[in-house]
Amino acid sequence: MTAHLKKAEVHCHIEGATPPELALRQARKYGVNTSAIIRDGAYVWDDFTSFVKCYDSVASLFRTEGDYALLAETYLTELAEAGAIYSEIIVSPDHGNTIGLGADAYIEGLAAGMEAAKAKTGIESRMLITGIRHLGPESVVSTAEYAAALRHPLVTGFNLAGEERMHSVAEFARAFDIVRDAGLGLTIHAGELSGAFSVRDALDHVRPSRISHGVRAIEDGDLVKRLADEDVVLEVCPGSNISLQVFPDFAAHPLPPLYAAGVRVTLNSDDPPFFHTSLAQEYEIAAHVMGFEDGELNRMTRTAIEAAFVDEPTRQRLLAMLHM
Ligand SMILES: Nc1ncnc2[nH]cnc12
Ligand SMILES: [Zn+2]
């Protein structure tokens with residue numbers, strides 16, 4: 001059992017955290033037919049491309065500040081009930097723009113939900129704005145410019161998500177330069193759908209402190225050593241990787257050998273209901289399927305706090321909570 005452990009995660013896409021029941025409620029509110037995206041209470045997709053399509057349809061069910069506040073509050077409250085003290089949610093102002101809400105109202109709605117969850121449960125959270133890779137480098141530069149200018153206290157980082165097999169990392173270097181200069185924390189999806197080369201490219205062109213996934217670094221021993229030597233933190237999402245068939249099963253997942261090689265790793269849920277998981281379940285699988293002991297799981301939680309994009313007093317307060 002891992003229910004008693006304190007937990008933290010630094011990688012969850014907020015629209016991807018929508019419980020199907022909430023999506024159904026939103027669909028009723030807006031008169032949207034969901035038969036193509038939800039069947040028998042579960043999201044319908046069968047590969048990364050159809051996953052993104054389903055994800056975008058779910059995102060389109062959130063149309064007001066209040067809708068986004070409800071989503072953030074719902075997710076973070078449930079996470080806190082599972083023992084989480086900290087969460088970084090990946091947010092995409094592009095979704096706010098697409099639905100006609102606008103980026104500022106999108107961010108303010110999420111922030112209101114994060115504050116409501118904190119008031120109820122104590123959970124601390126931050127937002128990472130993400131560029132969407134398959135929309136291309138120009139779109140990601142605009143998103144980076146928006147993130148750099150925003151200066152919202154709860155927006156502390158930048159990510160690049162989406163179809164990893166499109167474009168080269170080098171094409172996004174300028175976007176990351178913009179947000180680095182603005183003082184945002186940097187992480188990037190790599191080594192999930194693409195191989196070890198994508199992790200090396202990310203390190204060389206973006207210089208992030210963390211990599212979203214990064215697990216396919218296991219294909220290259222020198223790269224694994226580089227990750228360990230350079231203290232790069234991996235945001236590992238085992239349930240997501242199995243659902244998307246990056247690895248055939250949990251027995252083949254590289255989390256244990258990465259950990260054994262001294263790579264700093266964290267446990268994350270990615271898009272929990274899409275991948276039939278939750279942060280609590282990721283801890284359970286790490287314990288009971290991968291064989292990690294409580295002390296090792298606590299070390300992953302500590303790594304998440306150490307690598308979190310928060311100010312130092314907040315980090316010290318969260319680290320102290322791990323000892324309580
Ligand atoms: N697992 C994932 N990989 C890349 N982009 C995403 N967007 C939402 N979930 C994602
Ligand atoms: Zn992700």
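**Figure 1. Contacts of Asp271 in the predicted model.** In this predicted model, Asp271 is in contact with His13, Gly16, Ala17, Tyr55 and Ser240, when its neighbours within four places in sequence are left aside. Asp271 lies in the loop between strand E10 (264-267) and helix H12 (279-288). Asp271 counts as buried because 26 C-beta neighbours lie inside 10 Å, and 20 or more are required for that class. An unreviewed UniProt entry lists Asp271 under "binding site".

**Figure 2. The surroundings of ligand 1.** The shell around ligand 1 consists of His13, Gly16, Tyr55, Ala161, Gly162, His189, Glu192, Ser240, Asp270 and Asp271. By class, this shell divides into five polar, three charged and two nonpolar residues. Among the residues surrounding ligand 1 are His13, Gly16, Tyr55 and Ser240, and these four residues are also in contact with Asp271.

**Figure 3. Glu192 and its contacts.** Glu192, one of the residues surrounding ligand 1, is found in the loop that runs between strand E7 (185-190) and helix H8 (196-206). With neighbours within four places in sequence left aside, the contacts of Glu192 are Glu164, His213, Val215, Arg216 and Val246. Glu192 has 23 C-beta neighbours inside 10 Å and therefore counts as buried. Under "active site", the unreviewed UniProt entry lists Glu192.

**Figure 4. Asp271 and Glu192 beside ligand 1.** Both Asp271 and Glu192 belong to the shell around ligand 1. Asp271 is placed in the loop between strand E10 and helix H12, whereas Glu192 is placed in the loop between strand E7 and helix H8. Asp271 counts as buried, and Glu192 likewise counts as buried.

How values were computed: Residues numbered from 1 in each chain as written. Chains lettered and ligands numbered in written order. Predicted model: local features only at pLDDT ≥ 70, side-chain atom pairs only at ≥ 80, totals over all residues. Near = placed C-beta within 6 Å. Nonpolar A, V, L, I, M, F, W, Y, C, P; charged D, E, K, R; others polar. UniProt positions renumbered as here; feature names shortened; annotations may be inferred. Helix = DSSP H or I, 4+ residues; strand = E, 2+ residues; numbered from the N terminus. Buried ≥ 20, exposed ≤ 12 C-beta atoms within 10 Å, placed from the backbone. Contact = placed C-beta atoms within 7 Å.
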